[in-house]
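Here are my notes on the model, point by point. Have the sequence and the structure open while you read.

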Amino acid sequence: MIKINKGKRFQQAVDAVEEFLRRAKGKDQTSSHSSADDKNRRNSSEERSRPNSGDEKRKLSLSEGKVKKNVGEGKKRVTSGSTERGSKSPLKRAQEQSPRKRGRPPKDEKDLTIPESSTVKGMMAGSMAAFKWQPTVSEPVKDADPHFHHFLLSQTEKPAVCYQAITKKLKICEEETGSTSIQAADSTAVNGSITPTDKKIGFLGLGLMGSGIVSNLLKMGHTVTVWNRTAEKCDLFIQEGARLGRTPAEVVSTCDITFACVSDPKAAKDLVLGPSGVLQGIRPGKCYVDMSTVDADTVTELAQVIVSRGGRFLEAPVSGNQQLSNDGMLVILAAGDRGLYEDCSSCFQAMGKTSFFLGEVGNAAKMMLIVNMVQGSFMATIAEGLTLAQVTGQSQQTLLDILNQGQLASIFLDQKCQNILQGNFKPDFYLKYIQKDLRLAIALGDAVNHPTPMAAAANEVYKRAKALDQSDNDMSAVYRAYIH
């Protein structure tokens, strides 16, 4: 299983399991060598067995040296991102050079992030210090990104927490139309590896997503001022060290960078343009980052009014759910002011596992709607399949088991099916918001005369679920639209 797609706790658990297996394997190897030596002593004379035993030890010593060398070299290649599909991992090469249990098939090592032995950990600082990223024709020189080297150095200073391959890859994909290039930056964070910015951070909106984001910003040492329409939601974060802002305008005026995460286009506009709104606190140099999932027209309008007052604007909607928000494993899609994107580096590392910079304002909104359109349509299909299984006399649990063993297997599939089977629709992603995103995605398709029949069909099912009073339940409650 590819650990980079899992939560931090899951990754730590896998590391612990692999460490236990590696120690158990070492004990098996020791007992195997002892049995082999006994057999040799029984089948040969005492005079010949002793030199053979010495030779065996020397061979084992040489073999062990080769294994350590290969593991060190392999780790360096994994770190530099130069491994390719189908190549053997350093761990597998080490296993091939040591005895195996009879009848036990070799593992297919697909996970590039291998657990580190004490030998590998000791070599990490040297190998990482010698690491040089070789730019390709399609990649910019990394010296242009001041955060690139800082991010790598922050990992080498703490080798004890380097259980994941920490990389920051920049790619440029120039489209045929010559439009703005797309750049992606993997900013996966390991606890304790983030150096928080010294800028004052503001955050507006403490819903399902915003609450987890603010909690992670505080945990990683950021100075945060919060505001929420329902003031009681701020109390918990004030206890954790946040400051309270009385209005959005006050938060913006007292902070260097203010983030906002609200429900829909109307809420996003009201937050900026309404009484005591964001716009009233904007002064030259003030920064505003809108993390709401809205349409491109809305975010473009907000960018224009912010910039007209001398402010800086970045859109940064997030892909994920409440659990991923709490775990700091969101995917951030950003567009707008590239300098502001860089200034938000430590914040994005605290709240997410990956951030993408997509160019001009509006691109992130479009991409986010497409992502949620796919997710919403998939959820409706899952519900449709489970109900069809039920009415045809098939076991829903067996269907889930089959799906989990196939190509569609994913955390999303398993969690949503479990919600349905258990009848637990506690919101992790509100049904009313996924329906809103489907509606906006369909409008996006209409604007460019592109058909979206699958999304349109799914949208009707969600509308039916809303009519059944499922708006404030999880998106998996769309299942109820099929059984009523």
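1. Let's start with a helix pair. The axes of helix H16 (residues 396-404) and helix H17 (residues 411-422) come within 11 Å and cross at roughly 175°. That angle makes H16 roughly antiparallel to H17, because angles over 145 degrees count as roughly antiparallel, under 35 as roughly parallel, 65 to 115 as roughly perpendicular and the rest as oblique. Axes here are lines fitted to C-alpha atoms, for helices over the stretch in contact, and angles run from 0 to 180 degrees between N-to-C directions. Helices (H or I, at least four residues) and strands (E, at least two) are DSSP runs, numbered from the N terminus.

2. Who touches whom in that pair? H16 brings Gln396, Gln397, Leu400, Leu403 and Asn404, and H17 brings Leu413, Asp414, Cys417, Gln418 and Leu421. Contact means heavy atoms within 4.5 Å. By type, the residues of this contact of H16 with H17 divide into 5 nonpolar, 4 polar and 1 charged. For the sorting, Ala, Val, Leu, Ile, Met, Phe, Trp, Tyr, Cys and Pro count as nonpolar, Asp, Glu, Lys and Arg as charged, and the others, Gly among them, as polar.

3. A word on what you're looking at. This is a predicted model, where local features need pLDDT of at least 70 and side-chain atom pairs count only at pLDDT 80 or more, while totals for chains, interfaces and linings use all residues. Residues are numbered from 1 along each chain as its sequence is written, and side-chain values use heavy atoms, with hydrogens and water left out.

4. How confident is the predictor? The protein averages a pLDDT of 77, and 64% of the residues score at least 70; pLDDT is the predictor's confidence in each residue, from 0 to 100. Residues 44-54 stay under 50, and the model has 2 contacts for them beyond four places in sequence. Over residues 56-191 the pLDDT is also below 50, yet this stretch has 170 contacts in the model beyond near neighbours in sequence.

5. Now the overall picture. The protein has 20 helices and 10 strands. Of its 484 residues, 44% are buried, where buried means under 20% relative accessible area, exposed over 50% and partly exposed in between (1.4 Å probe, protein chains only). Among contacts with a separation of 6 or more, 67% join residues 24 or more positions apart.

6. H15 deserves a look, starting with H18. The axes of H15 and helix H18 (residues 431-447) come within 8 Å and cross at roughly 120°, and that makes H15 oblique to H18. The crossing is left-handed, a term used if the near helix is turned anticlockwise from the far one by less than a right angle (right-handed if clockwise). On the H15 side the contact includes Lys366, Leu369 and Ile370, and on the H18 side Ile434, Asp437 and Leu438 are among the residues met. The residues of this contact of H15 with H18 divide into 8 nonpolar, 4 polar and 2 charged.

7. H15 also meets H19. Helix H15 (residues 363-391) and helix H19 (residues 453-467) pack at about 60°, with axes 9 Å apart, which makes H15 oblique to H19. H15 passes H19 in a left-handed crossing. Met373, Gly376, Ser377, Met379 and Ala380 in H15 meet Met454, Ala455, Ala458 and Tyr462 in H19. These residues of the contact of H15 with H19 divide into 7 nonpolar, 2 polar and no charged.

8. Beyond four places in sequence, asparagine 363 contacts Glu315, Ala335 and Leu358.

9. Threonine 225 sits in strand E3 (residues 224-227) and counts as buried at 9% relative accessibility. Its contacts beyond four places in sequence include Ile201, Phe203, Arg243 and Cys255.

10. Last, two loop residues. Asparagine 449, in the loop between H18 and H19, has a positive phi of about 60° although it is not a glycine, and counts as exposed at 72% relative accessibility. Aspartate 469, in the loop between H19 and helix H20 (480-483), has a positive phi of about 70°, again without being a glycine, and counts as exposed at 68%.
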